[in-house]
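Below is a short report on a single protein chain. Please look over the sequence and the structure before reading on.

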Amino acid sequence: MTNYASQSMAFIAAIICCIFLLKQQLSVKKKYLLYGVIALFILNIFFVSPARSGYMAFPFAVVFAASCVYGNKKLLPIIAVTGSVMLVAILCSSTLQQRTQMGLTEKAAYQTSGELTSIGVRVIFAKNTLSLIKEHPVLGYGTSSFKSTYGPYAAAQYSDWRGSSTSDPHNQYLFVWLENGLIGLLLFLAYIYTAIRQGLNNRPYGAIAASFLVAVCASSLFNSHFKTFPEGNLLAFFAGILLAQYSAESKENSDS
């Protein structure tokens, strides 16, 4: 976890675990300790780390995880509490304010900027990728074709940094759609749905995995966290363990 984005996603995974631990039979002292730990992780996500991935993923992960623990009947209070935390962070965190303002400025100036910017290049990636998708929307260009397809197209459109090649549009869904078409995108979404449903059917640990998967789905609107090395491995390792089935038969054999 050597970059800010992967660190923020790891903090969110830890918050989700703490939310589920709060439902356990714990002493008042231990519950207050957990609240303190959650506050510490929130502090890191919004006040220390400049990663916008964490800002995006946090509300989705927390609302989903808390609704799994306390039920959909408590959904409105859960949204209210999560919204209040977000509001405090927005009003009080200079780091969040600076990163958000920087992103808005970069987005507004992407057509005139003389240098590559984090948000500006994402806008260019999305614009070019959508244009390519329109040419082959159903079947796509083939697996592992993104870089070879995107590079020549971008170079023909721009002569500056906007025309640079990339192997990743920083949007997991556009990446899948370009390479594997609408059919591949629907299969990818079906995979996500199946994994979340599997998690919800295997509580409590599977629900933790499903909650983290929801967080990654949210952050992948502006990243490719299913395939980016640190975040992709964190997702596979964390969700894979928690979704694993522990059969009664294997338990009986081990006991005997």
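## Model and overall fold

The model is predicted. The chain contains 11 helices and 0 strands, and its elements, read from the N terminus, run α-α-α-α-α-α-α-α-α-α-α. Along the principal axes, the C-alpha atoms fill a box of roughly 65 × 50 × 35 Å.

Of the 256 residues in the chain, 45% are buried. Contacts between residues at least 6 apart in sequence include 66% that join residues at least 24 apart.

## Charges and the salt bridge

Side chains counted as charged comprise 18 positive and 10 negative ones. The centres of these two sets lie 13 Å apart.

The structure holds 1 salt bridge. It is formed by Arg162 and Asp160, whose closest N and O atoms are 2.1 Å apart. Arg162 is buried, with a relative accessible area of 5%, whereas Asp160 is partly exposed at 37%.

## A buried arginine without a salt bridge

Arg52 lies in helix H3, which covers residues 52-70. How far away is the nearest side chain of opposite charge to Arg52? That side chain belongs to Glu106 and is 4.4 Å away. Because a salt bridge requires the nitrogen and the carboxyl oxygen to be within 4 Å, the pair is not counted as one, and Arg52 is buried yet has no salt bridge.

Apart from neighbours within four places in sequence, Arg52 is in contact with Arg99, Met102, Gly103, Glu106, Ser118 and Ile119. Glu106 is thus a contact of Arg52 without being a salt-bridge partner.

Val138, Leu139, Ile183 and Leu187 make a nonpolar surface patch of about 410 Å². Ile183 belongs to helix H8, residues 172-200, and is partly exposed at 45% relative accessibility.

Pro137 is in the loop between helix H6 (118-135) and helix H7 (146-157). Pro137 is partly exposed, with a relative accessible area of 32%. Leaving aside neighbours within four places in sequence, its contacts are Trp177, Gly181 and Leu182. Between Pro137 and Gly71 the separation is 66 residues in sequence and 39 Å in space, taken C-alpha to C-alpha.

## Backbone exceptions

Most residues other than glycine have a negative phi, and most peptide bonds are trans.

Ser144, which is not a glycine, has a positive phi of about 70°. Ser144 lies in the loop between H6 and H7 and is exposed, with 65% relative accessibility. His170 also has a positive phi, of about 60°, and is not a glycine. The place of His170 is the loop between H7 and H8. Is His170 buried or partly exposed? His170 is partly exposed, at a relative accessible area of 25%.

The peptide bond from Arg203 to Pro204 is cis, with omega near 0°. Pro204 is found in the loop between H8 and helix H9 (205-219).

Key
Residues are numbered from 1 along each chain as its sequence is written. This is a predicted model: local features need pLDDT of at least 70, side-chain atom pairs count only at pLDDT 80 or more; totals for chains, interfaces and linings use all residues. Side-chain values use heavy atoms; hydrogens and water are left out. Buried means under 20% relative accessible area, exposed over 50%, partly exposed in between (1.4 Å probe, protein chains only). Helices (H or I, at least four residues) and strands (E, at least two) are DSSP runs, numbered from the N terminus. Contact means heavy atoms within 4.5 Å. Lys and Arg count as positive and Asp and Glu as negative; His and the chain ends are not counted. The place of a charge is taken as NZ of Lys, CZ of Arg, CG of Asp or CD of Glu. Patches are made of residues with over 30% relative accessible area and no salt bridge: like charges are joined within 9 Å, nonpolar side chains (Val, Leu, Ile, Met, Phe, Trp, Tyr) within 5 Å. Accessible areas come from the Shrake-Rupley method with a 1.4 Å probe; for residues, only the protein chains shown count as cover.
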